[in-house]
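Here are my notes on the model you sent over. Have the structure open while you read.

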Amino acid sequence: MAINNAPVISWKVWYSPKWNYAIIAVVALIVQGPILLMDGVYWDGWLIYTSLAEKNWNNIYSMFIEAGSPTTLYLHWFMGYFPNIILGYRVLAFISIACSSLLVYLIGNETKWVNSTENLWIALLSLAYPAVQVAFEIINVPSVVWLCLFYLACFLSFRAERAVGPGHYGLRASAVLLFLISFTVNSLLVFYFGFLLLLALFVRRLQSLSLRQTLMSFLPRYLDYILLPLLYWLIKETLFPRHGLYANYNQFTFSLLDMLLKLASFLNNGIYGQFKAALLEMLNQPALWLLALLGAWFGWRYFNEKAPTNGQSVSPYSLLAYGVLLMGFGIFPYVAAGLSPTLTGWSTRQSLLLALPVALIIVAIARLLFSEPHAELSLSGWISLTTLLLAFGLATVSNYIDWQARWVKDRSLMVNLEQLDGANEYSVYWVDDQYPVGGEDNYRFYEWSSIFKRVWGGETRIGLDQRDSTPQLLEHYKIYYTKDYNLSGFDPTGCQATLVIRQGKSVYTNIELVLRYFYYKFADQRLLSEFLVQVTQVGVWPFTSPLAVNCRLQ
């Protein structure tokens, strides 16, 4: 009887760390890919979009020069030449987020603090972490771009240490230039110290230096890196100081109590609240979790890798300590300026620098709890990390669905306002929004002025939310009655009305709104118009006010 002595083929035979690049790309497409479909405009993005669409470069110039941000000005000018401006921003946001994750992985490959599998987990968790929920919006896209350039500069700096001659100096000069550009996000000036620490540790390991040798040689050899934040700040404050409406923007606070309260808010909304909301989101999808558990077993069985034994790896305690320290560098500049993130909505942008530290801390804890020194991550570790990745990914995708659903509501509102006879005859609209949709249910006054301009033309109308606005705001906001805020022709003493927004006769969940919207958008524009009319019910009624002294309708 013949005996089959053919070797058993293991998945590990063909698996290579190079596959990790494909894994990052696939996860980026799944988790962050919805950005590419989103076609809404929100918040300050309305002001930028309107100016770019009208080729009103003066508005863009005044906005960002007053904010002391010429690099952001040039980026917006560049984006204004895209045929589809909104799509251009969405593509740029997606590429920046995906490339940031890839660069985190590449930086990990250079430092060799962890093995390629753990390095992949750090990249994926930082990619999916849902704390920043508004990276897709026009006004926030530059921050995502600058963060990506920061990671690119870090990567080039580490590569420069392995290069010699012109290659070394070319990479180093490129890194310095990219760091200077990335510092447009001023919080990166503090986050940068995490890079300097990592670079010092990297050089020490690469050259087998003692601690004393490292301290003695680092300062003179890397003086350009050390002085870079100071150089940037001197250039910025000398040539591009904040002024006008932005003169006191993000000023430091010196109240210890206020800083402690903001720190507590950071830990609650930027970390604890995000974990809680993400895990609750995952529990609503038990079938996906079961599928993820199967994926965790598959990864543990075939793709697992031992921690490196070449002396380059660090202990999980060191990795944890660095993650905590880097988190401190990412939180401090915001707390010092009296800022902290919210759990959802616009202010989640303050969590911009949390994703990487959180990912480092998670992987360090996983290694502490679920593996022995230089041993593979256990199945329990794989299940834990896979669960968190799924939870983060679901929370991120759900957030994008919610914001797109709000845009569907806004599109419906605009369609119905356009068809409402006489609705455009007022100056002040007191908005009674009984149909909140999306991650943030309140609108800024300039969002309403921009929406009204898109529907009826002109810059003569303002919207104020009844829940948190008073008539006194009309006087307080007078500095904003300019073309910059689409209010150049606004008369605060003109006619007033109440704008009531209710849910339409057809009731949809957010996911149903979004799916129907995209189906009709790409399949049948006629059906899209019919669908949008049904999403909201809108009414406008005159409102008698003693402030409306110039109203001709009374």
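1. First, the ground rules. This is a predicted model, so to speak of local features pLDDT has to be at least 70, and side-chain atom pairs count only at pLDDT 80 or more, while totals for chains, interfaces and linings use all residues. Residues are numbered from 1 along each chain as its sequence is written, and side-chain values use heavy atoms, with hydrogens and water left out.

2. Cavities next. The whole structure has 6 of them at 30 Å³ or more. A cavity here is a set of points, on a 1 Å grid over the protein atoms alone, where a 1.4 Å probe fits but cannot get out; lining residues have an atom within 4 Å of a point. Points are joined across faces, edges and corners, and the volume is the space filled by probe spheres set on them.

3. The largest cavity holds about 350 Å³. It is lined by 23 residues, and Ile97, Ser126, Leu127, Leu147 and Ala355 are the closest to its centre. Helix 6, helix 7 (116–128), helix 8, helix 16 (355–370) and helix 17 (379–418) each give two or more residues to this lining, with helix 6 giving the most, 4 residues. Helices are DSSP runs of H or I, at least four residues, numbered from the N terminus.

4. What is the lining of the largest cavity like by class? There are 17 nonpolar, 6 polar and no charged residues. For the classes, Ala, Val, Leu, Ile, Met, Phe, Trp, Tyr, Cys and Pro count as nonpolar, Asp, Glu, Lys and Arg as charged, and the others, Gly among them, as polar.

5. The second largest cavity comes in at about 300 Å³. Of its 21 lining residues, Ile107, Leu198, Tyr322, Leu356 and Leu360 sit closest to the centre. At least two lining residues come from each of helix 6, helix 7, helix 8, helix 10 (188–206), helix 15 (316–336) and helix 16. Its lining has 17 nonpolar, 4 polar and no charged residues.

6. Helix 7 deserves a look of its own. At its start, a side-chain oxygen of Asn115 comes within 2.9 Å of the backbone nitrogen of Thr117.

7. On to charge pairs. I get 19 salt bridges (a side-chain nitrogen of Lys or Arg within 4 Å of a carboxyl oxygen of Asp or Glu). One of them joins Glu110 and Arg159, with the closest N and O atoms 3.0 Å apart. Glu110 lies in helix 6 (residues 85–111) and Arg159 in helix 8 (residues 141–162), so the pair ties together parts 49 residues apart in sequence. Glu110 is buried at 8% relative accessibility, whereas Arg159 is partly exposed at 40%.

8. Arg526 has two partners to check. It meets Asp524 at 3.9 Å, N to O, and Glu530 at 3.1 Å. Arg526 and Glu530 both lie in helix 21 (residues 525–535), 4 residues apart, about one turn. Arg526 is exposed at 52%, while Asp524 is partly exposed at 24% and Glu530 is partly exposed at 39%.

9. Finally, Glu54, Lys453, Glu459 and Lys483 are linked in a salt-bridge network.

Definitions and conventions: Buried < 20%, exposed > 50% of the residue type's maximum accessible area, 1.4 Å probe, protein only. 1 Å grid on protein atoms, 1.4 Å probe; cavity = no way out; pocket = protein on both sides within 12 Å on 5 of 7 lines; lining within 4 Å. Polar contact = N/O pair within 3.5 Å; in protein donor to acceptor, adjacent residues only side chain to side chain.
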